[in-house]
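The structure comes first, and the notes follow by topic.

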Amino acid sequence: MIMVNGGAASSTLHNAAWLYRIRTMNRQIHGAVSSSKPISSKTQHPLSDSNSASGAFGSVTRVYTRKKRLKQEALEPLEINPGKGVNTHTQLCGLPDIEEFAYKGNIGSPSSRRSTETSITVTSVKTIGNPPENWVEVLEGIRQMRSSEDAPVDSMGCDKAGSFLPPTERRFAVLLGALLSSQTKDQVNNAAIHRLHQKGLLTPEAVDKADESTIRELIYPVGFYTRKATYMKKIARICLVKYNGDIPSSLDDLLSLPGIGPKMAHLILHIAWNDVQGICVDTHVHRICNRLGWVSRPGTKQKTTSPEETRVALQQWLPKEEWVAINPLLVGFGQTICTPLRPRCEACSVTKLCPAAFKETSSPSSKLKKSNRSKEP
C-alpha cells in the first residue's frame, strides 16, 4: 500500500510539474506580445491556454507587431534678418488650394518636388514628343477667333504692368503684377497695380518702407491680399539686399522668392528679361490643353492634374517658337469662349476637332430643368 501510494504521489507530482511548465511557457509567450497592436487573428501557435487549463494544442493566438510613424518636417517661412541679409536656405510655407501661389520646390514628397524640367533653357530643350493630331489647324482656328483681341488679358494682363516706367522699375512692377495675379481676374489685378502706382509703391524702396496695412488696403480685393501684402514686403527687401534694387534674372532665383511659382517665374523671365525658358501655364492654358487632348500624364491617356504637369507635357511637343504666344492666346480664349463653366461651344469654330465639345455646355441643374420642361403637357 505504501509503495502504491508513493507511486501515485510521484505521478501526481510529475503531472503537476508538467502543467506548471506548460503554463509558464504560455505566460512568457503572451507576455512578450501583449503590449503591441494585432495584425492577424488567425495565426496558429502550438502552445496556448486560451481553450483549457491543460493547454490544448492548435488553439488560436494573435501575433503582434509595432508600426513606426514617419515624422514630417514642418515648413518654415522665409525669414529676413535686418543687417544679416536673406536666409536663402529656409523653405517657404505653401498655401493650400492656391495655384502656384507659393512654390514648394524640393520638399519631401515626390509630388511636391520641383520637376527637373523647371531649370531647362530654350536652347537645351528638344521637342521629343509626338504632337497631337490636327493641332496646327486647331491653333490657327483659335488665332482667328482671338484676332479681335477683346479679352481682358489683351489690355490688362501682367505684361502691361508698369509699361510706362523705366526698365528697372518696370521689371519690379511686372514682378508685383505676376504675384498679385494668382487667383485674381485681370481687371482686379490691373486696378490694384494702378492704385499702387498712384501712391508711388511700384519700387522696392517704396514698398520696403510702406506699412503692410497700407499695402493691404491698396491691393484689396485681389485674391489672398493679406498674404500677398506680406510677400510684397519680403520680395522688396530681397530685391534691395541681393539684387541692388532690381529683380532676379534667373529662373531659380525667381522661384526662390515668396509666392512665385513656375507659371509666374516663366512669365516674369520673358517679359522682364526677354528670356524664354519655358511655357507660362495658368489655369486657362491647363484647362484648354486638357479639353483639346493636347496633354496627358506620362505613360497614360489621363488628363494632367496641375498646370506644372501641363507645362512639362506641352513642352514635349509644342515648337519653341510658339512658347511665348500660346499663353495670351489660350488665356484670352479661355476668358471669352472656352470658359471654365459652361464653355460657349456654339461660338467656337474648332468644335469638330475638340474631344470635349458640347460636353460641358450646361450644368446639371439646367439639364434637370430641361428634362422637367419636356415632361410638362
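**Packing of H4 and H10**

Helix H4 (residues 167-181) packs against helix H10 (residues 262-273) at an angle of about 155°, and their axes are 10 Å apart. H4 is therefore roughly antiparallel to H10. The model is predicted: local features need pLDDT of at least 70, side-chain atom pairs count only at pLDDT 80 or more, and totals for chains, interfaces and linings use all residues. Residues are numbered from 1 along each chain as its sequence is written, and side-chain values use heavy atoms, with hydrogens and water left out.

- The crossing of H4 and H10 is right-handed (the near helix is turned clockwise from the far one by less than a right angle; anticlockwise is left-handed).
- On the H4 side the contact (heavy atoms within 4.5 Å) is made by Arg170, Arg171, Val174, Leu175, Ala178, Leu179 and Ser181. H10 contributes Lys263, Met264, Ile268, Ile271, Ala272 and Trp273.
- These contact residues of H4 and H10 divide into nine nonpolar, one polar and three charged. Ala, Val, Leu, Ile, Met, Phe, Trp, Tyr, Cys and Pro count as nonpolar, Asp, Glu, Lys and Arg as charged, and the others, Gly among them, as polar.
- Axes are lines fitted to C-alpha atoms, for helices over the stretch in contact, and angles run from 0 to 180 degrees between N-to-C directions. Angles under 35 degrees count as roughly parallel, over 145 as roughly antiparallel, 65 to 115 as roughly perpendicular and the rest as oblique.
- Helices (H or I, at least four residues) and strands (E, at least two) are DSSP runs, numbered from the N terminus.

**Packing of H2 and H13**

- Helix H2 (residues 135-145) and helix H13 (residues 326-336) meet at an angle of about 65°, with axes 10 Å apart, and are therefore roughly perpendicular to each other.
- H2 passes H13 in a left-handed crossing.
- Leu139, Ile142, Arg143 and Met145 of H2 touch Ile326, Leu329, Leu330 and Phe333 of H13; seven of the contact residues are nonpolar, none polar and one charged.

**Cavity**

- The whole structure has one cavity of 30 Å³ or more (a set of points on a 1 Å grid over the protein atoms alone where a 1.4 Å probe fits but cannot get out).
- The largest cavity has a volume of about 130 Å³. Of its 15 lining residues, Cys338, Pro343, Cys345, Cys348 and Cys354 are the closest to its centre; lining residues have an atom within 4 Å of a point.
- The lining has 11 nonpolar, one polar and three charged residues.

**Backbone**

- The peptide bond from Tyr220 to Pro221 is cis, with omega near 15°. Pro221 lies in the loop between helix H7 (212-219) and helix H8 (225-243).
- Asn134, a residue other than glycine, has a positive phi, near 65°, and sits in the loop between strand S4 (85-86) and H2.

Methods:
On a 1 Å grid over the protein atoms alone, a cavity is a set of points where a 1.4 Å probe fits but cannot get out, and a pocket is an open set with protein on both sides within 12 Å along at least five of seven lines; lining residues have an atom within 4 Å of a point. Grid points are joined across faces, edges and corners, and a volume is the space filled by probe spheres set on the points.
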